[in-house]
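Let's take a walk through this one together. Keep the model open beside you and follow along.

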Amino acid sequence: PDRSFPLSHYHRRLQSAYQRVEPTPSRLQREVAAALDRVGWTDVFEHVTAEGLSLDMAQPATKRAVEVDGPSHFLKNPKSKTYVENGSTRCKSRLLRRLGWDV
C-alpha cells in the first residue's frame, strides 16, 4: 500500500470492506446522469477509483466527478437550521480532494 495514505496499514481491510457493497443508484442519481448526458458531459457511471472509493459519475482521465448526495449524507444544525455533511461523507470528500479529484 501507498505509505502516503493516512491509514495505509489498514488499506487492504478498508478497501475490501468498502468494495463488498454493491452500488444502488437512486432515481435522482439516474436523473442527474441523464441530464449531464444531454448536455454532453460524458462519464463513467459508478466509477471506483484505484483506492476503492466509489463515485456516482466520473471522468477518470481528468479526475472530475459528480456525487449525488441525498438527505442521508447530511446533518441539520438545529440552531442555524443549516445542513452540513455527515462524518462519512465529509471523510470521503476530503480523501477525494487529497487524491486530486474535483468533485
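**Starting from a helix face**

In helix α3, the buried residues are Thr89, Lys92, Ser93 and Leu96, where buried means under 20% relative accessible area, exposed means over 50%, and partly exposed lies in between (1.4 Å probe, protein chains only). These four cover an arc of only 100° around the axis, which puts them on the same side of α3; the arc is that of the directions from the helix axis to the C-beta atoms. An α-helix has 3.6 residues a turn, so residues three or four places apart point the same way. On the face turned away from the buried side, α3 carries the exposed residues Gly87, Arg94 and Arg98.

The helix itself takes in residues 87-98, twelve residues in total, and reaches 16 Å from its first C-alpha to its last, close to the 16 Å expected at 1.5 Å a residue. That expected span is 1.5 Å times one less than the number of residues. After α3 comes Gly100, with a positive phi near 95°.

A word on what you're looking at: this is a predicted model, in which local features need pLDDT of at least 70 and side-chain atom pairs count only at pLDDT 80 or more, while totals for chains, interfaces and linings use all residues. Residues are numbered from 1 along each chain as its sequence is written, and side-chain values use heavy atoms, with hydrogens and water left out.

**Stepping back to the whole chain**

The protein chain has three helices and five strands, and from the N terminus on they run α-α-β-β-β-β-β-α. Helices (H or I, at least four residues) and strands (E, at least two) are DSSP runs, numbered from the N terminus. Of the chain's 103 residues, 25% count as buried. Its accessible surface comes to about 7,500 Å², and 55% of that belongs to carbon and sulfur atoms; such areas come from the Shrake-Rupley method with a 1.4 Å probe, and for residues only the protein chains shown count as cover.

**The sheet**

Now find the three strands that form an open, antiparallel sheet in the order β1-β2-β3. Two strands pair here if DSSP finds at least two bridges between them. β1 (44-48) and β3 (64-66) stand at the edges with a single partner strand each, so one side of each has no neighbour in the sheet. On average, neighbouring strands are turned by 55° against each other, direction ignored.

What about β2? Four bridges join β1 to β2 (residues 54-59), and Val48 has Ser54 as its bridge partner in β2. The two strands form a hairpin with five residues between them, and Gly52 in that turn has a positive phi of about 95°. On to the next pair: β2 and β3 are held by three bridges, again antiparallel, with Gln59 standing opposite Arg64 in β3. This hairpin has four residues between its strands, and Lys63 in the turn has a positive phi of about 55°.

While you're in β1, look at His47. It is buried, with a relative accessible area of 16%. Leaving aside residues up to four places away in sequence, His47 touches Leu53, Ser54, Leu55, Ala58, Pro60 and Trp101, contact meaning heavy atoms within 4.5 Å.

**The helix across the sheet**

Helix α2 (residues 27-38) lies across β1, β2 and β3, running at about 5° to β2. Axes are lines fitted to C-alpha atoms, for helices over the stretch in contact, and angles run from 0 to 180 degrees between N-to-C directions. α2 has twelve residues and reaches 17 Å from first C-alpha to last, close to the expected 16 Å.

Which residues of α2 are buried? They are Gln29, Ala33 and Leu36. Seen down the axis of α2, they fall within an arc of 65°, so they line one face of the helix. Those buried residues pack against β1, β2 and β3, whereas the face turned away carries the exposed Arg27 and Arg38. Gly40 follows α2, and its phi is positive, near 90°.
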